[in-house]
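Below is a short briefing on one protein chain.

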Amino acid sequence: MPKAEETDRGGPITGRKVTLRDVARRAGVHVSTASRALDEAGSGRIGPATIERVRSAAVELGYSRDLLASGLKRGETKTIGVVVADLDNPHNAPVIRGIARGLEAAEFVPLVAETAESRERFERVLTHLTQRRIDALITSAAHLDGAEILSWLVPADTPVVLAIRGLPGTDHDTVVHDDATGGSLAAQHLVSLGHRRLAQLAGPADIDTFVRRAGGFSRAVQAAAREEVSLPGRGSAAPDFDEGRRLMERLLDLPDCPTAVFAPTDVMAVGALDAIAGRGLRCPEDISVVGYNDIEMSRYISPPLTTIELPSEELGAEAARMALAAIRHPEEAGGRLVELPAGLVVRRSTGPVP
């Protein structure tokens with residue numbers, strides 16, 4: 001009876017799992033050459049014709065690589081930890097999509113977890129991920145005490161990429177938005193419409209993103225010689241719909257309510273719109289509102305929301321590129337900063353001063 005190897009040369013192998021040796025035999029190359037041809041990291045060392053022949057043979061035979069095994073040979077698990085603050089926030093979906101698509105070509109996959117803005121949960125998630133030997137960590141959930149937590153819980157040889165939220169004074173690779181300019185653009189737009197009493201809904205004071213957006217807004221208001229109405233205290237740890245509504249209601253209770261409001265997230269802005277409507281007021285006829293992020297729903301709510309555009313998927317893809325570069329070239333990792341530009345998107349939630 002002929003051997004299986006002699007009978008499978010003209011078509012797919014049946015009755016057993018296809019091996020790398022089968023692919024090499026079909027392509028007429030050594031097993032090590034077949035392995036390099038199927039590995040994106042090693043394929044540059046052999047000719048394109050050989051790569052094509054090996055990969056065609058793999059397709060014909062139905063060969064599936066053991067990505068974990070091949071990664072472990074290089075000390076990799078082919079996984080990237082991705083830690084976000086809140087999976088309910090629609091801003092995070094395109095960020096994660098950008099990360100996943102950025103990793104796909106390199107055959108890495110993201111392991112996604114959320115912190116719900118909890119320090120304890122952040123620590124727990126980091127512990128679980130590092131125990132699973134992730135090859136790098138991307139996080140958009142860091143508070144300003146995050147540098148200390150990361151240094152405790154993430155091994156020094158595991159690259160860390162900060163996305164959206166930076167940590168001033170650290171040397172982690174970072175991709176953020178130009179939040180200061182974004183806050184400034186929001187203020188300048190409202191000032192251009194004639195508003196003289198403006199306010200912003202305060203985000204958490206221990207998150208770099210909100211600090212920079214608030215600072216940009218306040219500086220622009222001051223530069224225009226307008227009044228910024230402030231509420232005592234700071235925002236809560238959750239910059240969400242309920243917090244936006246709560247803070248807007250406090251502004252509406254003031255004897256002389258501002259005519260224009262900046263919310264540091266679109267979700268908070270939607271909460272503000274709900275509070276305005278609940279008092280029988282209209283936006284923008286009575287109060288103008290500007291959000292931040294330009295999430296998809298912002299163009300469909302009533303009125304459509306004027307906001308600061310943040311290219312979330314692009315930001316996620318850049319974070320993935322940074323993580324992969326740090327894995328492949330650890331000697332070059334750390335200290336790189338990418339800041340994506342801010343842009344104003346004008347819709348119908350802003351109008352001239354009443």
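Among contacts in the chain between residues at least 6 apart in sequence, what share join residues at least 24 apart? The share is 73%, where contact means heavy atoms within 4.5 Å. This is a predicted model, in which local features need pLDDT of at least 70 and side-chain atom pairs count only at pLDDT 80 or more, while totals for chains, interfaces and linings use all residues. Residues are numbered from 1 along each chain as its sequence is written, and side-chain values use heavy atoms, with hydrogens and water left out.

**Overall**
- The chain has 13 helices and twelve strands (DSSP runs numbered from the N terminus: helices H or I, at least four residues; strands E, at least two).
- Of its 354 residues, 50% are buried (under 20% relative accessible area; exposed is over 50%, partly exposed in between; 1.4 Å probe, protein chains only).

**Helix α12**
- In α12, ten of the 13 residues are buried, including Met268 and Leu273.
- Elements covering these buried residues include α11 (241-252), β9 (288-293) and β10 (306-309).
- Just after α12, glycine 280 has a positive phi of about 75°.

**Salt bridges**
- The whole structure holds 20 salt bridges (a side-chain nitrogen of Lys or Arg within 4 Å of a carboxyl oxygen of Asp or Glu).
- Glutamate 227 and arginine 197 pair at 2.8 Å, N to O. Glutamate 227 is in strand β7 and arginine 197 in strand β6, so the bridge ties together parts 30 residues apart in sequence.
- Arginine 197 is buried at 19% relative accessibility, whereas glutamate 227 is partly exposed at 41%.
- Aspartate 256 also forms a salt bridge with arginine 197 (3.3 Å, N to O).
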